[in-house]
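Dear colleague,

I am handing over the structure we spoke about, and I would be glad if you could look through it alongside the notes below.

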Amino acid sequence: MKRACAAACVSVLLTACASAPPPAPTVTLKSLDERPTVVLREVAPSDRQLALQSYRVYVGIAENEQRRMHAMRRIADLRLLIAEEAMAAGAAVGEQRASLHAAVEDYRNLLRTYPDYSAADDVYYQIARAYDSAGEVERSLEALTALTRDHPRSVRYLEAQFRRGEILFARRDYAAAERAYSEITAAGDATPFYDQALYKRGWSRYAQSRLHEALADFTAVLERSMVSGSEFRTYLAPESLPRAQRELVDDTLMLVRGPLHK
């Protein structure tokens, strides 16, 4: 009986996914083990609630723990996607928050049920994202801190540290923000967060009245932004830089020429 129900459940999922191009590959019970991650946007918006209900049915009947775990993750991801789409459509604030909290609870239930879940770092990232969307910055920070504390080798680690730094800086905890930004600069300049982390670490140090260290960071920002070439140093005009980089350089030059120059 369970096997028949499972087949029916997967059939419903296939029907829900069929309306969105490109056509999804055939889903079988075996493939639930082999493909732990799906592109949920392949499910048409009108079919997402149906897909969500189908995954819930599957969680209740799945005999294989791996399949059940993967289905629970899909439920949480779908709930978050539905909540974000409701926000974009202008749903009432209370409804938005309730939907986001429901997604968070699904993620937390996954971690409670499977504490050794291999993608726990990504789950913490999604929890942080949901709380941020709900405007609950402190809870978002808690999730990001759990990610960086428990999963230092995660591919999300540097981004999580940068987001931690931004939250800590905004609440004027400059020493903690500096530590978060320093985790990024210590990893080297290959990360896309390096320049912004260097710049914000300079501000964090400036806010702590450590002017010489702040000046060193700001000088490094200018050198990275305005010097090109390896053997011959070519100084670029600020107006030749991309807009975001030019704004960063303008702010840095204002500081170097102003308060830090005294």
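What follows is a short account of the chain as a whole and then of two residues in it.

Please keep in mind that this is a predicted model. The protein chain holds twelve helices and two strands, and, read along the sequence, these elements follow the pattern α-α-α-α-α-α-α-α-α-α-α-β-β-α. Of its 262 residues, 45% count as buried, while the accessible surface of the chain comes to about 14,400 Å², with 53% of that belonging to carbon and sulfur atoms. Among the contacts with a separation of 6 or more, 54% are between residues 24 or more positions apart.

Leaving aside residues up to four places away in sequence, Arg-73 touches Tyr-107, Leu-110, Tyr-117, Ala-119, Asp-122, Val-123 and Gln-126.

The other residue is Tyr-131, which belongs to helix H6, residues 120-133. With a relative accessible area of 7%, Tyr-131 is buried, and its contacts, again not counting residues up to four places away in sequence, are with His-101, Val-104, Arg-108, Glu-136, Arg-139 and Ser-140. Tyr-131 and Ala-143, twelve residues apart in sequence, lie 8.8 Å apart in space, taken from C-alpha to C-alpha.

Note on methods
Residues numbered from 1 in each chain as written. Predicted model: local features only at pLDDT ≥ 70, side-chain atom pairs only at ≥ 80, totals over all residues. Heavy atoms only, no water. Helix = DSSP H or I, 4+ residues; strand = E, 2+ residues; numbered from the N terminus. Buried < 20%, exposed > 50% of the residue type's maximum accessible area, 1.4 Å probe, protein only. Contact = heavy atoms within 4.5 Å. Areas by Shrake-Rupley, 256 points an atom, 1.4 Å probe, with all protein chains shown as cover.
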